[in-house]
Amino acid sequence: MTVQTARDAAKVRFDERGLVPCVMQDARSGEVLTLAYMNEETLLLTLESREIHLYSRSRREIWRKGATSGNIQRVRQIRYDCDGDALVALVEPVGPACHTGERSCFYRDLEGTADPEVDAPAAPGEPAPLPYEALAELERTLLSRQHNRPMGSYTVELLEDPRLASEKVREEAAEVVKAVSSESEERVAEEGADVVYHLAVLLLARGVSMAEVLQILNGRRRSS
């Protein structure tokens with residue numbers, strides 16, 4: 001354990017049981033993956049190894065996320081709240097976060113129709129996707145098309161012909177500019193979505209992820 005690691009862990013206020021809640025969040029997409037607890041030892045292990053380690057309240061033992069399943073979570077950053085008694089770990093997940101096989105443990109809508117029993121499956125179409133989830137889901141879909149190459153897929157056609165994908169980006173960009181000048185807000189949004197989709201395909205064909213593009217934008221942020 002380094003001196004700096006000890007200093008960082010000392011910033012956290014553990015509760016009377018010696019625990020602190022930690023939300024695991026996908027560092028690329030912002031999607032919330034799971035909630036669990038750490039004690040001081042697991043926090044130190046996490047900081048040192050850069051992989052999530054947790055404390056099981058039911059088993060009263062330390063465990064490394066993914067030790068059995070292989071679905072580890074690599075730590076990019078850990079944030080703590082204003083009171084210092086709660087953590088958010090920004091992670092790169094390898095495989096599903098939930099032991100049910102779902103990407104996130106939060107796969108049911110409290111006001112939805114899914115079975116409320118422990119580990120019950122999700123209900124079709126629930127929860128409704130939110131705007132911040134769109135890019136991540138799009139990229140996962142595109143990667144699936146790239147890997148599986150289904151017959152008749154428009155995405156596959158574009159991936160196999162970067163020149164066509166480039167032409168479509170130019171075409172759709174012109175369409176959104178036209179819509180801005182003479183069409184409804186709904187049409188502007190639709191044309192904008194077409195630009196984003198075709199740009200994502202073109203980037204993937206070149207081996208560039210949306211996360212890399214967004215990180216460039218982060219680097220261009222200016223303080224007010």
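**Close-up 1. Residues in the contact of helices H3 and H6.** In this predicted model, Leu135, Leu138, Leu142, Leu143 and Gln146 of H3 meet Val196, Tyr197, Ala200, Val201 and Leu204 of H6, contact being taken as heavy atoms within 4.5 Å. The residues of this contact comprise nine nonpolar, one polar and no charged (Ala, Val, Leu, Ile, Met, Phe, Trp, Tyr, Cys and Pro count as nonpolar, Asp, Glu, Lys and Arg as charged, and the others, Gly among them, as polar).

**Close-up 2. Packing geometry of H3 and H6.** Helix H3 (residues 134–148) packs with helix H6 (residues 185–205) at an angle of about 50°, the axes lying 11 Å apart; axes are lines fitted to C-alpha atoms, for helices over the stretch in contact, and angles run from 0 to 180 degrees between N-to-C directions. H3 is therefore oblique to H6 (under 35 degrees is roughly parallel, over 145 roughly antiparallel, 65 to 115 roughly perpendicular and the rest oblique). Helices (H or I, at least four residues) and strands (E, at least two) are DSSP runs, numbered from the N terminus.

**Close-up 3. The open sheet of four strands.** The strand order is S2-S1-S6-S5, with mixed pairing, where two strands pair if DSSP finds at least two bridges between them. Strands S2 (32–39) and S5 (73–80) stand at the edges, each with a single partner strand, so one side of each has no neighbour in the sheet. S1 (residues 19–26) and S2 pair in the antiparallel sense over seven bridges, and Leu19 has Asn39 in S2 as its bridge partner.

**Notes.** Residues are numbered from 1 along each chain as its sequence is written, and side-chain values use heavy atoms, with hydrogens and water left out. Local features need pLDDT of at least 70 and side-chain atom pairs count only at pLDDT 80 or more, whereas totals for chains, interfaces and linings use all residues.
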